[in-house]
Amino acid sequence: MADISKYEPLWGTWKVGAVLGKGAFGKVYDATREDFGEVYHSAVKFISVPQDESEIKFLADELSGIENVSKYYKSLADDFSNEIKMMRKLEGH
């Protein structure tokens with residue numbers, strides 16, 4: 001799985017902290033930045049698909065045929081899109 005720390009600082013100023021949680025699509029990290037003497041916190045979700053070699057093998061074994069693989073990745077893309085829409089609604093909270 002890819003390591004988020006290689007992308008630091010995120011957006012030029014954010015530093016990655018502890019893992020807050022993890023799920024099917026990746027991990028959520030605490031991120032901090034300092035401006036004008038204040039420390040700000042946010043959550044950053046780092047998505048990595050597939051996460052490891054076992055997932056690649058699972059896909060090859062279970063989703064034989066390009067149509068099934070295409071449906072699988074279309075479903076993932078839809079899930080990512082829905083999650084982004086939900087996060088935008090939470091922006092500023």
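## Aromatic pair

Phe46 is buried, with a relative accessible area of 12% (buried means under 20% relative accessible area, exposed over 50%, and partly exposed in between, with a 1.4 Å probe and protein chains only). This is a predicted model, in which local features need pLDDT of at least 70 and side-chain atom pairs count only at pLDDT 80 or more, while totals for chains, interfaces and linings use all residues. Residues are numbered from 1 along each chain as its sequence is written, and side-chain values use heavy atoms, with hydrogens and water left out.

A search of the whole structure finds 1 aromatic pair. Tyr7 and Phe46 form this pair, which is tilted, at 5.9 Å centre to centre and 45° between the planes. Rings of Phe, Tyr and Trp (its six-membered ring) pair if their centres lie within 6.5 Å; planes under 30 degrees apart count as stacked, over 60 as edge-to-face and the rest as tilted. The pair links distant parts of the chain, with Tyr7 in the segment before S1 and Phe46 in strand S3, 39 residues apart. Helices (H or I, at least four residues) and strands (E, at least two) are DSSP runs, numbered from the N terminus. Tyr7 is partly exposed, at a relative accessible area of 44%.

## Sheet

An open sheet of 3 strands has the order S1-S2-S3, with antiparallel pairing (two strands pair if DSSP finds at least two bridges between them). S1 and S3 stand at the edges with a single partner strand each, so one side of each has no neighbour in the sheet. From one strand to the next the twist averages 30°; axes are lines fitted to C-alpha atoms, for helices over the stretch in contact, and angles run from 0 to 180 degrees between N-to-C directions.

The antiparallel pairing of S2 and S3 extends over 10 bridges. Tyr29 has Val44 in S3 as its bridge partner, and Glu34 stands opposite Val39 in S3. S2 and S3 form a hairpin with 2 residues between them.

## Backbone exceptions

Most residues other than glycine have a negative phi, and most peptide bonds are trans. Phe36, in the loop between strand S2 (26-35) and strand S3 (38-47), has a positive phi of about 50° although it is not a glycine. Phe36 counts as exposed, at 87% relative accessibility.

Trp11 also has a positive phi, near 50°. Trp11 is found in the segment before S1 and counts as exposed, at 66% relative accessibility. A cis peptide bond, with omega about -10°, joins Glu8 and Pro9; Pro9 is placed in the segment before strand S1 (15-22).

## Largest pocket

The largest pocket holds about 520 Å³ of space. On a 1 Å grid over the protein atoms alone, a pocket is an open set of points where a 1.4 Å probe fits, with protein on both sides within 12 Å along at least five of seven lines; lining residues have an atom within 4 Å of a point. Grid points are joined across faces, edges and corners, and a volume is the space filled by probe spheres set on the points.

The lining of the largest pocket has 20 residues, of which Ala43, Val44, Lys45, Met87 and Arg88 lie nearest its centre. S3 and helix H2 (66-90) are the elements that give two or more residues to this lining. H2 provides the largest share, 7 residues. The lining residues divide into 14 nonpolar, 2 polar and 4 charged; Ala, Val, Leu, Ile, Met, Phe, Trp, Tyr, Cys and Pro count as nonpolar, Asp, Glu, Lys and Arg as charged, and the others, Gly among them, as polar.
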